[in-house]
Amino acid sequence: MKRSWLIGSSHISAINRAQKQGDFGKATPAITLLGASRHSKAPFHRLGEDGIAFTNENYQDRAAGFLKHLKSGKVENVFVLLGDVNSIILKGSAYWKRHEPFAVWQAGKVPLPKTTLKAIMERDTTPVARFLIDLKEAGVRPVWVTYPAIKDHHPMFVQGTRREVIKYLDDTFIECMQEALAPHAIDTVGRPQASLTEGGFLKKAYSQDVSAKGKRDWVHGNSLYGRLMLDEIMKVAA
Amino acid sequence: MHPYTSLDPSAYWRTGISDLSPLELSGIYQPKFNIDKSTKIAAAGSCFAQHIGKQFKGRGYAFLDKEQAPPMLSAGDRSRFGFDIYSARFGNIYSMRQMVQLLRRARGEFTPAEPAWRDGDLWFDPLRPAIQPGGFTSAAELAADIEYHLSRVRLLLDEADLFVFTFGLTEAWMLSADGTALPTCPGTVAGVFDDSKYHFHNFTFSEVMADTLAFISICREHNPNMTFLFTVSPVPLMATASGRHVLPSTVYSKSVLRAVCGEVEQNDPAVDYFPSYELIASHPMRAMFFQPNLRSVSPVGVRHVMNIFFDAHGAGDEAEDQSRAAPAPILDDIDLVCEEEALEADAQ
C-alpha cells in the first residue's frame with residue numbers, strides 16, 4: 001500500500017506532536033523533519049536519473065529514510081512544509097517599519113512596488129517550488145503545505161509595524177508560491193480556518209509560546225494547531 | 001631658449017608615450033582638489049559610471065546612497081532593480097540634458113509631458129525605463145515611486161560635497177511634445193516607438209555646454225561649495241541613429257563630451273576632469289583594455305583606471321589591498337546594467 005509522507009522544516013514539529021497524541025492509524029503520513037527552513041532559501045536538491053537527491057548537507061542525513069521509500073515507489077503523496085515568510089518579516093522588522101508595500105502604503109512611509117516585493121519573495125519561494133515540481137517529475141504527487149500564519153500577538157505589532165503590512169507580506173509569499181506551482185497543477189494545503197483570527201493571524205490558542213530550547217517562540221504553532229493541520233493534510237491525502 | 005626646452009618629459013609624445021609601456025604612464029591625472037573619506041560623494045552618469053560608484057563604495061569612501069535596497073533582495077536583483085549602482089535609483093543617465101532635467105524635476109521645475117508608459121496592466125517610467133523589471137502594477141504605484149525618488153534626489157543635492165558625473169552619449173531620443181530627453185529609444189526597453197511623438201536628437205557642443213553649466217549652477221544652489229569630477233565614458237556607442245557609421249558617430253559623441261569637460265574644467269577651479277576615456281580608449285592603449293568586441297571595458301582596464309585615480313589621491317595602497325581582496329565582484333563589467341545594450345538585439 002502506498003502512503004503519504006510529510007517532510008519539512010521545524011513547522012512540522014507541531015503536526016508530529018499532534019500525531020503522537022492521537023490515534024490516527026496508518027492513514028496519517030510518515031513525518032520527516034528535514035531541518036531549518038533557512039536551508040531551503042537556495043537550491044537544496046537535484047533531480048537526476050536516480051530520482052530526487054538532497055544536495056544540502058543539512059537535509060541529507062535526515063532525508064535518507066524518506067528517499068529510500070520514495071525510490072522504492074511506495075510513496076504516493078509528498079506533503080512539503082518548506083518555505084515561509086518569517087525571515088523576510090522578522091529579520092527585516094526594522095525595514096518594514098519604514099517601508100510598506102504600495103498596496104497598503106501610507107503617506108510618510110517608503111512605498112515598495114509589487115514587483116520588487118515579489119522579487120524578494122521569489123528568492124525564497126523558487127527553490128521550494130522547484131523541489132515540488134521535481135517531485136512531480138519524479139512520479140509522486142507533491143503538495144505544498146502552508147506554514148502557520150503570523151501570530152496575532154506578535155510584539156512587532158506593539159512596536160509599530162502595521163498589521164496590514166505584515167498580512168500583505170504573508171499573502172504575497174503564498175501568492176508567489178502558488179503562482180509557481182499552479183502551472184504544474186500542484187495543490188496547496190491551506191491554513192485551518194479555525195486557527196485564524198478575523199484579520200488572518202494565528203490565534204494565541206494555537207501558538208507555541210516557548211521553543212524546545214526554552215526561548216520565546218514567535219513563529220511556530222502548537223500541537224492543537226498541528227492537529228488542525230493534520231486534518232487538512234489527511235483531507236487532501238484522501 | 002623657448003617654452004619647449006624645459007618641459008616635463010610627460011609633455012613630449014616620445015618621452016610621455018612612445019618610450020613607455022602604456023601601463024607606466026605617469027602624471028596623466030593630477031587632481032585639482034583632494035577627495036578623502038570624509039568627502040560626501042554623489043555619482044551619476046552612463047554605464048561606465050557604475051564602476052566608479054562601486055569603487056568608491058568598495059574602498060570605504062563616503063559614497064552617498066539615498067535609495068538603499070531592501071536588505072532581503074538578492075545581490076542580482078539589487079542591480080536589476082537599480083539599487084547599489086548610483087547615489088539614487090536614477091538608472092543610467094546618458095546625457096547631461098537628462099541630468100539637468102532630473103534635477104529640475106526634483107525641484108518641481110519640470111514635469112514631463114509623458115509621465116508614464118503603459119503596457120497592458122504594467123506601467124513604466126519613461127525616464128527610468130529599466131529601473132523596475134516587470135514594471136509597476138499601477139499608475140499610482142509608479143507615481144508614488146517617482147515622488148519618493150525625487151525626494152531622495154533633493155536630499156542628495158543637499159548633502160553632496162562632490163558630484164561625480166560620467167558623460168556617455170550625445171545621441172538621444174526626445175519627446176516631441178515638450179523636449180523631454182529620454183534615456184532610451186521608446187520600444188527598446190519599454191514604451192512603443194511612434195515617430196509622430198518622438199524624435200532623434202544629437203546634442204551639439206553648445207547644447208552640452210549649456211546643460212553642463214546649468215547642472216553646476218543648480219547643484220551650487222544647494223551647496224555653494226560643491227565640487228565636480230567629470231569623466232567621459234570610454235565605451236563606444238552601441239548603435240547610432242544619426243544615419244552615419246557608428247565609428248565616426250562615436251568619435252563625434254566622445255569628442256563633444258570631452259571638449260565640454262575640457263572647457264568647463266579649465267574655467268572652473270571646482271571642476272576636475274579624470275581622463276578615464278584617454279586611459280582606456282586612446283590609441284596608445286592599443287585597445288588592450290577592451291573586450292574582444294572592442295566596446296566593453298575589461299575588468300583589468302577598469303582596475304587600471306581606478307588604480308590611477310586612487311593613486312593620484314594618495315589611496316594607492318588601499319587600491320592594491322582592494323584588488324587583492326575582491327577584484328572580480330567589484331570590477332567585473334558583466335555586472336553592469338546598461339539599457340543601451342537593448343539595441344544590440346536589433347543588430348542584423
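Mentor: Two helices of chain B, α4 (96-106) and α5 (139-159), each supply at least two residues of the lining of the largest cavity. Helices here are DSSP runs of H or I with at least four residues, strands are runs of E with at least two, and the numbering starts at the N terminus. The model is a predicted one, in which local features need pLDDT of at least 70 and side-chain atom pairs count only at pLDDT 80 or more, while totals for chains, interfaces and linings use all residues. Residues are numbered from 1 along each chain as its sequence is written, chains are lettered from A and ligands numbered from 1 in the order in which they are written, and side-chain values use heavy atoms, with hydrogens and water left out.

The greatest contribution to the lining of the largest cavity is that of α4(B), with 4 residues. The complete lining consists of B:Phe90, B:Ile93, B:Gln98, B:Gln101, B:Leu102, B:Arg105, B:Asp125, B:Leu127, B:Arg128, B:Ile146, B:His149 and B:Leu150. By class, these lining residues comprise 6 nonpolar, 3 polar and 3 charged (Ala, Val, Leu, Ile, Met, Phe, Trp, Tyr, Cys and Pro count as nonpolar, Asp, Glu, Lys and Arg as charged, and the others, Gly among them, as polar). On a 1 Å grid over the protein atoms alone, a cavity is a set of points where a 1.4 Å probe fits but cannot get out; a pocket is an open set with protein on both sides within 12 Å along at least five of seven lines, and lining residues have an atom within 4 Å of a point. Grid points are joined across faces, edges and corners, and a volume is the space filled by probe spheres set on them.

The largest pocket holds about 1000 Å³ of space. Its lining numbers 31 residues, and those nearest the centre are A:Ser10, A:Ala36, A:Asp217, A:Val219 and A:His220. Two or more residues of that lining come from each of α1 (12-21) and α4 (86-90) of chain A. The classes in the lining of the largest pocket are 8 nonpolar, 13 polar and 10 charged.

The second largest pocket has a volume of about 460 Å³. It is lined by 21 residues, with B:Pro236, B:Leu247, B:Thr250, B:Leu294 and B:Arg295 closest to its centre. In chain B, α7 (246-267) and α8 (276-281) each give at least two residues to this lining, and α7(B) has the largest share, 5 residues. The lining of the second largest pocket divides into 13 nonpolar, 4 polar and 4 charged residues.

The two helices α7 and α8 of chain B are also joined by a charged pair. B:Arg258 and B:Glu278 form a salt bridge, their closest N and O atoms being 2.5 Å apart (a salt bridge is a side-chain nitrogen of Lys or Arg within 4 Å of a carboxyl oxygen of Asp or Glu). This pair connects distant parts of the chain, with B:Arg258 in α7 and B:Glu278 in α8, 20 residues apart. B:Arg258 counts as partly exposed because its relative accessibility is 27% (buried is under 20% relative accessible area, exposed over 50%, and partly exposed in between, with a 1.4 Å probe and protein chains only).

In general, side chains of opposite charge can pair when their charged atoms come close. Over all chains, the structure holds 31 salt bridges. In chain A, A:Glu175 and A:Lys114 form one of them, with 3.2 Å between the closest N and O atoms. A:Glu175 belongs to α8 (residues 163-181) and A:Lys114 to α6 (residues 114-137), so that partners 61 residues apart link distant parts of the chain. At 28%, A:Glu175 is partly exposed, whereas A:Lys114, at 17%, is buried. Elsewhere in chain A, the side chains of A:Asp50 and A:Arg46 meet in a salt bridge with an N to O distance of 3.6 Å. A:Asp50 is partly exposed at 44%, and A:Arg46 is partly exposed at 42%. A network of salt bridges links A:Glu100, A:Lys109, A:Arg162 and A:Glu164.
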